[in-house]
Amino acid sequence: MPAPTTASLSGQPCPCGSGKLFDACCGPALAGTRLPDTAETLMRSRFTAHCVADYAYLHRTYLPTWKKPYVEEAVGEPIKWTRLVIHTHDTGPKPDTATVDFSAYFDEQGAEQALHEQSEFSRIEVRWLFARPLRNGPA
């Protein structure tokens, strides 16, 4: 089954699990019409970008690549992401850093698997960016 598209998500619940419709949640971020205002909303939009295989969005919201041109690469079958659970969202000691601890669930041969990670985010100018994973697995 192919990954959903942003067009097919219009009017549907957002894959990020916020409880909002895609058009009022991650849709504007993926479309480039609104910047995520917190590290958590960026994390949610990046999860949604993974769900719809929007690799250009992932590229422009990743600290090491956000200013570099995006070059599309051939990828295999996309992972079928099923849900996101945000455990914590903490601002760092500096106002322009934050961490998000989350579990992203995916389907692997009919069985649900989980990726549990704590990630660091940085705000550059007015834009939140995914900086790096800090920990894989539960605390």
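**Fold, strand pairing and aromatic contacts**

Residues 24 or more positions apart account for 41% of the contacts in the protein with a separation of 6 or more; contact means heavy atoms within 4.5 Å. The model is predicted: local features need pLDDT of at least 70, side-chain atom pairs count only at pLDDT 80 or more, and totals for chains, interfaces and linings use all residues. Residues are numbered from 1 along each chain as its sequence is written, and side-chain values use heavy atoms, with hydrogens and water left out.

The protein has four helices and four strands. Helices (H or I, at least four residues) and strands (E, at least two) are DSSP runs, numbered from the N terminus. Along the sequence the pattern reads α-α-α-α-β-β-β-β. The radius of gyration is 15 Å, close to the 14 Å that the globule rule gives for 139 residues, so the protein is as compact as a globular protein of that length. That radius is taken over C-alpha atoms, and the globule rule is 2.2 Å times the number of residues to the power 0.38. The C-alpha trace spans about 45 × 35 × 30 Å along its principal axes.

The accessible surface comes to about 8100 Å², and 54% of this belongs to carbon and sulfur atoms. Areas come from the Shrake-Rupley method with a 1.4 Å probe; for residues, only the protein chains shown count as cover. Of the 139 residues, 40% are buried. Buried means under 20% relative accessible area, exposed over 50%, and partly exposed in between (1.4 Å probe, protein chains only).

The strands were examined next. Two strands pair if DSSP finds at least two bridges between them. Strands β2 and β3 (residues 111-124) run antiparallel and are joined by twelve bridges. They form a hairpin with two residues between them. Gln109, in the turn, has a positive phi of about 55 degrees. Within this pairing, Phe106 stands opposite Gln113 of β3. Strand β3 also pairs with β4 (residues 127-136), in the antiparallel sense, over eight bridges. Here Ser122 has Leu129 in β4 as its bridge partner. The hairpin of β3 and β4 has two residues between the strands. In this hairpin Glu125 takes a positive phi near 60 degrees. In a regular strand the side chains alternate between the two faces of the sheet.

Strand β3 also holds Glu117. Glu117 is buried, at 10% relative accessible area. Leaving out residues up to four places away in sequence, Glu117 touches Val100, Asp101, Phe102, Phe130, Pro133, Arg135 and Asn136. Gly11 lies 106 residues from Glu117 along the chain, and their C-alpha atoms are separated by 30 Å.

Four aromatic pairs are present. Rings of Phe, Tyr and Trp (its six-membered ring) pair if their centres lie within 6.5 Å; planes under 30 degrees apart count as stacked, over 60 as edge-to-face and the rest as tilted. The rings of Phe47 and Trp81 have centres 6.1 Å apart and planes at 70 degrees, so this pair is edge-to-face. Phe47 lies in helix α3 (residues 39-51) and Trp81 in strand β1 (residues 80-91), so the pair ties together parts that are 34 residues apart in sequence. Phe47 is buried, with a relative accessible area of 3%. Trp81 also counts as buried, at 16%. The rings of Trp81 and Phe106 have centres 5.3 Å apart and planes at 65 degrees, so they too are edge-to-face. This pair links distant parts of the chain, from Trp81 in β1 to Phe106 in β2 (residues 97-108), 25 residues apart. Phe106 is buried, with a relative accessible area of 15%.

The charged end of Arg83 sits over the ring of Tyr105, 3.8 Å from its centre. The criterion is NZ of Lys or CZ of Arg within 6 Å of the ring centre and within 35 degrees of the ring normal.

On the helical side, Leu30 lies in α2 (residues 27-31). Leu30 is buried, with 7% relative accessible area. Not counting residues up to four places away in sequence, Leu30 touches Thr6, Ser45, Thr48, Ala49, Val52, Asp54, Tyr57 and Arg60. Leu30 and Pro69 are 39 residues apart in sequence and 17 Å apart in space, C-alpha to C-alpha.
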